[in-house]
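Hello,

Here is the structure we spoke about. My notes follow below it.

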Amino acid sequence: MLDERIGEWRAYVRRRQAIAATDVDELEDHLRSKVADLQKAGLDEEEAFLIGVKRLGELDTLSREFAREHSERLWKRLMVADAETGGTGWGREALVALALAVAAAVAIKVPELFGLTIEDGGPATESFYVRNFSLFVLPFLAGFFAWKRGMDPAGLMRLAASFVIGALAINLIPFAPLGHTELLASLHLPLALWLAVGIGYAGGAWRSHDQRMNYVRFSGEWFIYLALIAMGGGVLMGSTVFVFSAIGMDAEWILNNWILPCGVMGAIVIAGWLAEAKQSVIENMAPVLTLLFTPLFTLLLLAFLGTMVLTGSGINVEREVLIGFDLILVVVVGLLLYAISARDPQAEPGFFDVLQLVLVVCALLVDAMALWAILARITEFGFSPNRVAALGENVILVVNLGWSAVLYARFLRRRAGFAALERWQTAYLPVYAVWAWIVVVVFPLVFRFQ
Amino acid sequence: MDIGKDLVAASATPLVLAILSEGESYGYAIIKRVYELSGGEMQWTDGMLYPVLHRLEHNGLVKASWGESETGRRRKYYRLTEQGSEELKNQRRQWRVVNETLFSTPFKSSQLVPQGI
């Protein structure tokens, strides 16, 4: 009975950020001593507990006093140590992540034992690394999640199969070295494998819409952590070159052969672990960036449309202009996705939702104009692999945004709930995976490996 | 007797140091000791002692360590450091000066009535 009450009290006090777990232990010892003394004086357990808690003081005042003494605690910290170990030492998860990061860093150097040196390699070596780099790191990241989620053997098999198929396809297809289809396949394989990592992330439950949305959130945070680590890595590399050049030595070969490849591989795993470890500790960053950039991108697209209408200038159809418009659509889909991922589905439609719809409609208009200009001349350019890929991606993104716009409009007029929009996005994820695999496997065959 | 908030805050540090100069102790026992020594006149809000102890620890005046209570519960013990003893001496001198100044003025109740009314 008393233990139960004290457990509830602990949970209540623990919610105060300024009061750490060890402080609660200390206060609990105090509370228990007080209750024991009061019971000795003849009070029953219930009374003794209530008086004991009251004597500790009002929680607001108490937590303010703690905050004054421990102001650093108001800055939520990303703890490397597990909470259970009391804040000392490294958690098991951290050690596993670190080991996997090191393994990935070592893996990228293994081909060198077979004569494939990163620097000074011929076109064949270069093409090997371009094709395979994602295979040296993503299996480790997927392995981390498979381990953490305790995946069943059937799920593990499916996960492993994705990587094996990817590895076989990219290495057995007789690409023309550094040709168009090879580059396209090399660009799309990481995307296909990244979605395979999602199977591991979801612990095999990749059909679950909630898990898919969690993976979207994870991917956004992972990217931000990777960018932060990359910035630190840049400083490290700059310093390396500087200090060695100060004593007249050229350190660039260390950068290109060791720090850069191994660092990137390790950073990808570490960023994944950080995004996973901190998900409940710190506010997600991707939705904050979305909030910041949605208005700015809307403004950009509106200004672009306005200028086009006022000056009457058409889109200058260069050969690869479609790729640029694809990228704009990717950004808009990203903004949409992360806005959705952070939104409370129960909340009423608000200003930001209207803004989001305006952004999507503008993006569709801009893209429609670009497509119109390009389609008129596509026969003239002919169907190269690059153009078909760009066109296919454009279609996929336009379908996504078009239906999203319809759903958004319905939601704003209160004809449908927000959940429909969320489900549409998560249901659409496999389309990207299927397309990525098509570019990796089918394109080379159709375009004769050129 | 109710002692004003400011005075409680100001006296907490020297009192905790003084009690710890008797030997290692822990939060609940310190509060009981304050109650005893003041003859029941001084009562703190129990929880407020802990931020004070943590500040003293932070400033190096006391040293904390986790131990066990007589019933085997986790308990945090505090003891005075060298620097803490110095600080206690210093504080005692200051409080004596304040005390002597306060009581050296002849006390007449009539003086409490503002003049000119």
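In this predicted model, 15 residues of chain B are in contact with 18 residues of chain A (contact: C-beta atoms, placed from the backbone, within 7 Å). On the chain B side, α2 (27-37), α3 (49-58) and β3 (74-80) each give two or more residues. α3(B) gives the most, with 4. By class, that side has 4 nonpolar, 5 polar and 6 charged residues. Here Ala, Val, Leu, Ile, Met, Phe, Trp, Tyr, Cys and Pro count as nonpolar, Asp, Glu, Lys and Arg as charged, and the others, Gly among them, as polar. Helices (H or I, at least four residues) and strands (E, at least two) are DSSP runs, numbered from the N terminus.

Now the cores. The largest nonpolar core has 76 residues. Such a core is a set of buried Ala, Val, Leu, Ile, Met, Phe, Trp, Tyr and Cys residues joined through C-beta atoms within 7 Å; buried means 20 or more other C-beta atoms within 10 Å, exposed 12 or fewer, partly exposed in between. Helix α13 (321-342) of chain A gives the most to this core, with 11 residues. Apart from it lies another core, of 28 residues, including Phe49(A) and Leu20(B).

Arg414(A) has a positive phi of about 60° but is not a glycine. Arg414(A) sits in the loop between α15 (385-412) and α16 (419-446) of chain A.

On conventions: residues are numbered from 1 along each chain as its sequence is written, with chains lettered from A and ligands numbered from 1 in the order written. Local features need pLDDT of at least 70 and side-chain atom pairs 80 or more, while totals for chains, interfaces and linings use all residues of this predicted model.

Best wishes

Conventions
Contact = placed C-beta atoms within 7 Å.
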